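Here is my notebook for today, written so that you can follow along. I went from the protein surface to the two ligands.

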Amino acid sequence: MRIATGARIPRDTTAVIRSEHGHVDGKGRLHAQREVVPGQDIRPRGQECRAGERLLPSGTLVTPAVLGLAAAAGYDTLYVAARPRVEVLVLGDELLTKGLPQDGLIRDALGPMLPPWVRALGAEVTAVRRLGDDAEALYEALATSTAEVLVTTGGTASGPVDHVHPTLRRLGAELLVDGVAVRPGHPMLLARLPSGEEGAGGADSAGVRHLVGLPGNPLAAVSGLLTLAEPLLRGLASRPAAEPYTAPLRADVHGHPQDTRLVPVVLRGEHAIPLHYNGPAMLRGIAVADGLAVIPPGGARRGRELEILDLPWTEPGVLPGELGIGGPDDEVCFT
Ligand SMILES: Nc1nc2c(c(=O)[nH]1)N[C@H]1C(S)=C(S)[C@@H](COP(=O)(O)OP(=O)(O)OC[C@H]3O[C@@H](n4cnc5c(N)ncnc54)[C@H](O)[C@@H]3O)O[C@H]1N2
Ligand code: MOO
């Protein structure tokens, strides 16, 4: 009997011969040109999975392949953790949104940088708002936002126009992390905002809202993104943490006397090569980096194994030669 690839086999069939491995003679009899073994080219039911079997552990990212597997196994609905909804609030009167920095005004580097970064961390960005240094606008924004996570940039220090701390106090927020012994990024903070029912506006279905306060210096903001925002968003999205790993340094790196430093590095072969332009306000290092090396207080010598924090898009690339540490314009810059 002729049968199409993938067609259901007739009852009591013991083997299938591929058309190119057999021929039918003038009397309609089939002759195999190769040995035929029982079960040949028959795909039995339940080969890949059986009814009720768990196909993937919970917490698995729904990739295109996972969607295909789910459909193949007959699922019509998948239960997933929704992407956390994040609103970005950029603070600072000194920020320009186009053109060259001039007259004491600088370009907003974080407004463009944060949304794709936050999306790469598995969250959805619902809005990016530039609020200047307006305490009332910040209060209104925090009180009424329905996002589960608010990310502010700037205004975390204690200067005259640093409104984040006073506004959190006014809202009755709970400061969970108020500064971290890390450079750059030491003023970063994490707070739990009052939920909708507690009188402060919107919230997610569980009523919990968090605020990640990133320092205004752009590389300091990156520190906060990787060490405060990333674990928070991962937890909210029920994503498992990546396995921590280390790499040996290919050059000495200066340390802060008391605090940990995070220094942009590229990964080449086994090694982490520390990059120039790693000051708190600089982005040239991180723009070509694969990750941040965790430098203990006091610094680290060449060859020492250090933990590396990956960037969400880390993949091997080309090291622009002049950026690696060890040249004449090596910089020690941590405030
Ligand atoms: N008395 C102290 N003052 C400061 C300390 C300290 O320990 N004691 N730490 C300094 C450090 S370190 C940092 S980091 C900053 C963090 O302060 P803020 O979070 O309040 O940040 P701002 O003052 O608003 O801005 C700092 C710096 O970054 C520039 N900035 C701000 N936003 C952006 C942006 N979107 N794009 C590019 N650049 C931005 C801003 O113009 C400032 O130059 O506090 C120090 N002060
Ligand atoms: O964040 Mo500051 O720029 O800690 O160094």
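Entry 1: I placed Leu-78 in the loop between helix H1 (64-72) and strand E3 (85-91). Helices (H or I, at least four residues) and strands (E, at least two) are DSSP runs, numbered from the N terminus.

A note on the source: this is a predicted model, where local features need pLDDT of at least 70, side-chain atom pairs count only at pLDDT 80 or more, and totals for chains, interfaces and linings use all residues. Residues are numbered from 1 along each chain as its sequence is written, chains are lettered from A and ligands numbered from 1 in the order in which they are written, and side-chain values use heavy atoms, with hydrogens and water left out.

**Entry 2: a histidine in a loop.** I found His-254 between strand E12 (246-248) and strand E13 (260-268), in the loop. Is His-254 buried or partly exposed? His-254 has a relative accessible area of 45%, so I wrote down partly exposed. I also checked His-254 against Pro-38: their C-alpha atoms are separated by 70 Å, and the two residues are 216 apart along the chain.

**Entry 3: ligand 1.** I counted 21 residues around ligand 1, and the closest are Glu-94, Asp-108, Ala-109, Thr-156 and Ala-157 (a residue is near a molecule if one of its heavy atoms lies within 4 Å of it). By class, this shell has 10 nonpolar, 7 polar and 4 charged residues. Nonpolar here covers Ala, Val, Leu, Ile, Met, Phe, Trp, Tyr, Cys and Pro; charged covers Asp, Glu, Lys and Arg; the others, Gly among them, are polar. Thr-156 has a polar side-chain atom 2.5 Å from an oxygen atom of ligand 1. For Ala-157, I noted a polar backbone atom 3.0 Å from an oxygen atom of the ligand.

**Entry 4: ligand 2.** Which residues come nearest to ligand 2? I listed Gly-185, His-186, Asn-217, Ala-220 and Pro-280, out of 8 residues around it. The shell divides into 4 nonpolar, 4 polar and no charged residues. A polar backbone atom of Gly-185 is 2.5 Å from an oxygen atom of ligand 2.

Note on methods: Polar contact = N/O pair within 3.5 Å; in protein donor to acceptor, adjacent residues only side chain to side chain. Buried < 20%, exposed > 50% of the residue type's maximum accessible area, 1.4 Å probe, protein only.
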